[in-house]
Amino acid sequence: MSSETAMATGQRTRGLAPFLRSQMRNIAPFLTLIFLSGFFAFASPSFATLDNLGNILTQVSVTGIIAVGLTFVILCAEIDLSIASIANVTGIAVAYFTLQESYVNIANIPLPGAVAIILSLLLCALLGLVNALGLTVIGIPSFIMTLAMMQIAAGISALLVRGQIAYKVPSLITTLGSGSIGGIPWIVIVAAIMLLAGHLVLTYTRFGRYVYMVGGNREAAEYSGLNVKLILGAVMVISAVCAGIGGMLGVAHFGSAQQNEFDTYLLDSIAAVVVGGTSLFGGRGGIGNTIVGLFVLGVLNNGLDHVNIDSFLKILIRGLILLAALVINVYAQRLREKAAE
Amino acid sequence: MSVGQQPILELQGITKSFGGVEALRGVDFALYPGEIHGLVGENGAGKSTLMKIIAGVHTEFSGRFLVDGRDMHFRSARDAHAAGIAMVHQELSVAPDLTVAENVFLGNQPTNALGLVQWRRMAREAGEQLARFGIDVDPMARLGDLPIGLQQLIEIARVLFSGARIVILDEPTSALSPPEVERLFTTLRRLREEGTAIVFISHFIEDILLVSDTVTVFRNGRKVAETASAATSKGALIEAMIGRGGEALEHSYTDDLMLPQPSGSKVVLEADQLSLSRSLQDVSFEARAGEVLGIYGFMGCGQQELSRILFGKLKPDSGTLAVEGVPKIFASTAAARRAGVALVPESRRDMLFHQEPVYKNISISILDRISSLLLKPAQERDIAKRQVDQLQIRPPVVGLDLGMLSGGNQQKVALAKWLTYPPKLLVLCEPTRGMDVGAKNDVINIVRDLRTRGLAIIVLSTEPETVLSLADRILVLKRGALVREFKNEPVSKDRLLEAA
């Protein structure tokens, strides 16, 4: 018993340094954000303005909506590479079900706005369900399954628009995507609500706990009698639906629906989640981390436009920042495992 | 047999301790060329530690170590390999996705001048080597597609034909069928004639007596007997292994223990003719309310597979389960849990969340009973607190990360997660393995208390003490089949070992 008591007191008197080390995954992204903001504020007078904060928020909104679902997936130690394609096909679908101007040369099916929205949501949920079944029932690794889905969704998009561009979407979507209320863009509000909802689900519901437990130790979750496949399937559907909502609002935000419109959002969403400090090994992190990650990316993208820098160099800088975040992510996991031993 | 001959390997006064606990105390051991030397002893008696010293796995120890009469000190398994010593470990260490030939030549494939692998030569030579061993198999077949027993034979063949002069086999027969065992023995005898020295560790004393020339018995880190195999018997070896009188404080279970009259209470679980490829054959039994059913057997006898079938983690090839008379085929562990079955596997790592606090570990299996949508953390902590107090988990802090607890306390947490809403059937695998006496007794008392509360409990263990200390009725599982039932009769460690 004596060794156990020693261990207990050891735990209580562990001090600040080990605590900080175990919290590194939360602290590091935050420090990065403060550093980047400080740097750009110092380097450019136009960066630290209220107007520009609004710009940053608007710029990260679509990524934020998509990243909500992806956070669930990565918390389960899975990945979803089909989010950008599913966003694209859902955005195209909602336009496909809306009456377009006569000069748009797409053989589409105009339906009432509400029906168009519901059908589009069903479409992305269905694609997510296919991901879920492939992962859980057939046992295809999510990396490969969603890679296939990426192609499938891109294929459906191509068939629907056939190289053309559609412009009209239901008025509700137009409002939420490009309108604003009291000076605040609706899309920012939607992103905030979805992030908040994601946070509440992960923190306060039984399902959220299961997500963390499945990600933390899948074997143990199964030995605890959890329906691991059901939980994994659910997060894949959540991910696809979040991507779909992001896609619909994105189409309204950009003002058009076309092929390959969302390609950059795959990397951006994964980057936001991982840069924020959610563990790629599952079980650690959450929406709070994703929000910090979104701001890091948003500040970086926006800030680089404010400083006088070779625009081709920006791509390289983004890549390097991502790499640094990955190193921290893996390193933080190791530190934590050490602390737990 | 070895008068005048120089031992190929000689150990003198070997002592090895792990963190203050002596695993070996002053052991002398000599191995002669052309000898098959059997090693027996209970789990933890020191056999494996000694063999790992010989194979260069453990490099820190005191005592003399001579090969061919010369002092040696291995710094790694590579050194041992260079000295002609090879070991086949109990767990398979093959590359299932490579071909048979690649596995046979793992690490030293024949190459041409350009460094390219000579596939045809490799396949031919692998085929020849295996044929010598009586294994007729396509050298280019993927190893993982072959039955486990054959894979094990191929691994053994690889080591036997690697040119090693000293070969250590740790439990080589547990996954083999009787004809495969026979094939192995034939090969071992042939190698003996060629002058190879072989150490053969096994729980199967019949096998040891059948194939070895000399047999050495270990108990509590000491060598307690060394005799010619022809001059001893199974009974005598078992007696030497477990000792008489029991020097330890613990109950040694060497004397007869009377099992109670079966109560005839309600049958909670009925297993009928469960079979699983090579692991289980027609296993049938029932577990009753208020009774602890012990299932004893050696490592690899099919216990692990059986427990997984009961909890829906594995599906049997054939056979049925019934819970309280209702036939069930569990599609998932979740289904088994809903039907009232709970499992504590032998490895705590498999069922606990080390980076999560104690209370989340305890509440995970009952969340759906205390909350529908939203979590109730206060209630979770209350429940956990009650379990922690009841099971005397130390330190009694439910918010502490589980990884901070000692092994014994983690095992109690593993039990605690099933006890708030007790299941109908609790399946415990190795519930006291690796625990100190105090924690062991705590667990024993918890299980006894659960029995009086009317649970049906199944305890599966490879340690006779565990089964004897808990069970009201004992089944013996041997190579996947139930071979003996002890009930309402005297039982002891000897009798169990004899039956297995």
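Me: Hi! Leaving aside neighbours within four places in sequence, what is A:I173 in contact with?
Reply: In this predicted model, A:I173 is in contact with A:V94, A:I117, A:M248, A:L249 and A:A252.

Me: Switching to the interface: how many residues of chain A are in contact with chain B?
Reply: 30 residues of chain A, and they meet 41 residues of chain B. The area buried between the two chains is about 3,100 Å², with carbon and sulfur atoms giving 54%.

Me: Which residues in chain A lose the most area there?
Reply: A:R206, A:R209 and A:Y223, which together make up 26% of what the chain A side buries.

Me: What does A:R209 meet in a salt bridge?
Reply: The side chain of B:E380, at 2.8 Å, N to O. The count between chain A and chain B is 4 salt bridges. Elements giving two or more residues to chain A's side include α10 (206–216) and α11 (218–223).

Me: OK, new topic. In what order do the strands of the open sheet in chain B come?
Reply: The order is β2-β1-β4-β5, with antiparallel pairing. β2 (21–31) and β5 (70–71) of chain B each have a single partner strand, so one side of each lacks a neighbour in the sheet.

Me: And how many bridges join β4 to β5 in chain B?
Reply: 2 bridges. In one of the pairings, B:V67 has B:R70 of β5(B) as its bridge partner.

Notes. Residues numbered from 1 in each chain as written. Chains lettered and ligands numbered in written order. Predicted model: local features only at pLDDT ≥ 70, side-chain atom pairs only at ≥ 80, totals over all residues. Heavy atoms only, no water. Pairing = 2+ DSSP bridges. Helix = DSSP H or I, 4+ residues; strand = E, 2+ residues; numbered from the N terminus. Contact = heavy atoms within 4.5 Å. Buried area = accessible area lost by both parts, 1.4 Å probe.
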